[in-house]
Amino acid sequence: MPTPPRHTRLRGQKALVTGASSGIGSAVALHLAREGAAVAVNYAGNATAAEAVVADIVAAGGEAFAVRADVSKEDQVEAMFGQIIERFGTLDILINNAGLQQDAPFDQMTLAQWQRVIDVNLTGQFLCARAAIREFKRRGVVPEISCAAGKIVSISSVHEIIPWAGHVNYTASKGGVMLMNKSIAQEVSPWRIRVNAVAPGAIRTPINRSAWETPEAYESLMKLIPYKRIGEPLDIAGAVTWLVSDESDYVTGASLIIDGGMTLYPGFAEGG
Ligand code: NAD
């Protein structure tokens, strides 16, 4: 098979994608590599899946390695950044993607369910962003590499704004991500560090399999999506790549919603 053309918007840049062994994270890792970035593929437990993503990147002529860390654990995050700096020399791009759901009716939600989702989805993004920004500030802008000293894109969710019964821990984590990001962006802009979020609607990945895997579930999901199709990981990967490229150099503190219109109050399409 002929090798697909390679693009170079991220040539010479070093990236970390958390939770990159599946779903949106693996698509983003492949897309960044296709644009020339060397990619650290973080995973929590599934080494085989992470190595498969690395192998795909290498097969396409890119550079990558897999690095294990539970993003909710400070010592593991620090060790992961140590490995990345040792291997790549520095970091230019962080994609804060790792996340999970532990759903329950509110009055049955255990403290452990609440805490785990906040620990991974919110504290995990804090720990990785803090480590990345320390490196971005230390190194500063390298004009031949990028206009910015560093770029962070956090994968949030439409549930940073849409309430979601039965998922209070998840919505609290994603609402937290939104304002954490905007506040970090405000604080670090003078260092030419950009911090943005992508807020996906329903994307076909393992996290929401029950919402799309049967025809009945898919039909019910379509009631929420004016564009009448589920999103695919590539819908997110292209936008993330743009947000970490110099093409978006004046964009910071934004939450880019990518949802086929889910946040357009579809119930109002007929009446209201
Ligand atoms: P996914 O389950 O395929 O990906 C989540 C990844 O995070 C997995 O690889 C998982 O192993 C990893 N992870 C979980 N806990 C971790 C930890 N402690 N440390 C490191 N990695 C960990 O699902 P996805 O849809 O690709 O999710 C990626 C992100 O997108 C999540 O933050 C999710 O909340 C967000 N999101 C997804 C959708 C959707 O419809 N799929 C919509 C909105 C937001």
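The legends below describe several close-up views of a predicted model.

In this predicted model, local features need pLDDT of at least 70 and side-chain atom pairs count only at pLDDT 80 or more, whereas totals for chains, interfaces and linings use all residues. Residues are numbered from 1 along each chain as its sequence is written, and side-chain values use heavy atoms, with hydrogens and water left out.

**View 1. The crossing of helix 1 and helix 2.** The axes of helix 1 (residues 23-34) and helix 2 (residues 47-59) come within 10 Å and cross at roughly 20°; helices (H or I, at least four residues) and strands (E, at least two) are DSSP runs, numbered from the N terminus. Axes are lines fitted to C-alpha atoms, for helices over the stretch in contact, and angles run from 0 to 180 degrees between N-to-C directions. Helix 1 and helix 2 are therefore roughly parallel to each other, a term that covers angles under 35 degrees. From helix 1, Ser26, Ala29, Leu30 and Ala33 meet Val53, Asp56 and Ile57 of helix 2, where contact means heavy atoms within 4.5 Å. The residues of this contact divide into 5 nonpolar, 1 polar and 1 charged.

View 2. In the side chain of Tyr170, an N or O atom is 2.6 Å from an oxygen atom of the ligand.

**View 3. The crossing of helix 3 and helix 4.** The axes of helix 3 (residues 74-88) and helix 4 (residues 111-139) come within 10 Å and cross at roughly 35°. Residues of helix 3, including Val77, Met80, Phe81 and Ile85, meet residues of helix 4, among them Leu127, Cys128, Ala131 and Ala132. The residues of this contact divide into 8 nonpolar, no polar and 5 charged.

View 4. Lys228 is placed in the loop between helix 6 (215-222) and helix 7 (233-244), and its phi is near 60°, a positive value in a residue other than glycine. Tyr265 is placed in the segment after strand 7 (255-258), and its phi, near 50°, is likewise a positive value in a residue other than glycine.

Definitions and conventions. Angles under 35 degrees count as roughly parallel, over 145 as roughly antiparallel, 65 to 115 as roughly perpendicular and the rest as oblique. Ala, Val, Leu, Ile, Met, Phe, Trp, Tyr, Cys and Pro count as nonpolar, Asp, Glu, Lys and Arg as charged, and the others, Gly among them, as polar. A polar contact is a pair of N or O atoms within 3.5 Å; within protein, one must be able to donate a hydrogen and the other to accept it, and residues adjacent in sequence count only if both atoms are side-chain atoms.
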